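Please consider the predicted model below.

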Amino acid sequence: MKTFLSFAAMLLCVSVMSVGAEDKKADDKAAAAKPTCPVSGQPCKKEFAAAHNGGQVYFCCENCPKAFAENPAKFATKANLQLVLTKQAKQEKCPLSGGDLNKETTVAVSGAGVTFCCNNCKGKVEKATGDDQLALVFSDAAFKKGFKVPEKKAE
């Protein structure tokens, strides 16, 4: 009986630790999915915004929209990511090939769920890291192939 109680206590400890680990993973994913200023990487504020690819990109301060306007190509990839994270842009096609989406090929890229047409495209993105991975999926060329910001209806 003593062995059984020890075993049960150990299982309880392991399950509590597992739940804590899962909560941390969820917290990490949520933190990764928060949109940030494409210029500074700081948390963005809605009062500092600029139009980009049919949506609104948000910045952390009044200086960042000016830097963005001076060189939008430099910040476009991170601005496009923000459009997806803020749910302004919807994925319609594979950002690499422009092909139809296969729901079995979805991966997280900087907190955004991205779906591809095939395992080749998925694999190419999974092998890339950091800014190279972002550029594969969210560069202006890839964004135009795979994502669309719906037009707002006139009131």
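**Surface and overall fold**

The protein exposes about 10100 Å², of which carbon and sulfur atoms supply 56%; accessible areas come from the Shrake-Rupley method with a 1.4 Å probe, and for residues only the protein chains shown count as cover. This is a predicted model, in which local features need pLDDT of at least 70, side-chain atom pairs count only at pLDDT 80 or more, and totals for chains, interfaces and linings use all residues. Residues are numbered from 1 along each chain as its sequence is written, and side-chain values use heavy atoms, with hydrogens and water left out.

- Of the 155 residues of the protein, 32% count as buried (under 20% relative accessible area; exposed is over 50%, partly exposed in between, with a 1.4 Å probe and protein chains only).
- The secondary structure comprises six helices and six strands, taken as DSSP runs numbered from the N terminus (helices: H or I, at least four residues; strands: E, at least two).
- Starting at the N terminus, the order of elements is α-β-β-α-α-β-β-β-α-α-α-β.
- Among contacts with a separation of 6 or more, 52% join residues 24 or more positions apart; contact means heavy atoms within 4.5 Å.

**Confidence**

- The mean pLDDT (the predictor's confidence in each residue, from 0 to 100) is 85, and 77% of the residues reach 70 or more.
- Over residues 11–31 the pLDDT is below 50, and this stretch has zero contacts in the model beyond near neighbours in sequence.
- Where pLDDT is low, the predicted coordinates should not be read in detail.

**Helix H5**

- Helix H5 (residues 130–138) has Gln133, Leu134, Val137 and Phe138 as its buried residues.
- Viewed down the axis of H5, these buried residues fall within an arc of 100 degrees, so they line one face of the helix; the arc is that of the directions from the helix axis to the C-beta atoms.
- Asp131 and Asp132 are exposed on the other side of H5.
- The cover over the buried residues of H5 includes helix H3 (72–85), strand E4 (102–109), strand E5 (112–116), helix H4 (119–127), helix H6 (140–146) and strand E6 (147–148).

**Selected residues**

- Ala142 is found in helix H6 and counts as buried at 4% relative accessibility.
- Leaving aside neighbours within four places in sequence, Ala142 is in contact with Pro95, Ala135, Leu136, Val137 and Phe147.
- The C-alpha atoms of Ala142 and Asn80 are separated by 9.7 Å, and the two residues are 62 residues apart along the chain.
- Asn53, in the loop between strand E1 (45–52) and E2, has phi near 45 degrees, a positive value in a residue other than glycine.
- At 29% relative accessibility, Asn53 counts as partly exposed.
- Ser110 lies in the loop between E4 and E5, and its phi is near 50 degrees, likewise positive in a residue other than glycine.
- At 33% relative accessibility, Ser110 counts as partly exposed.
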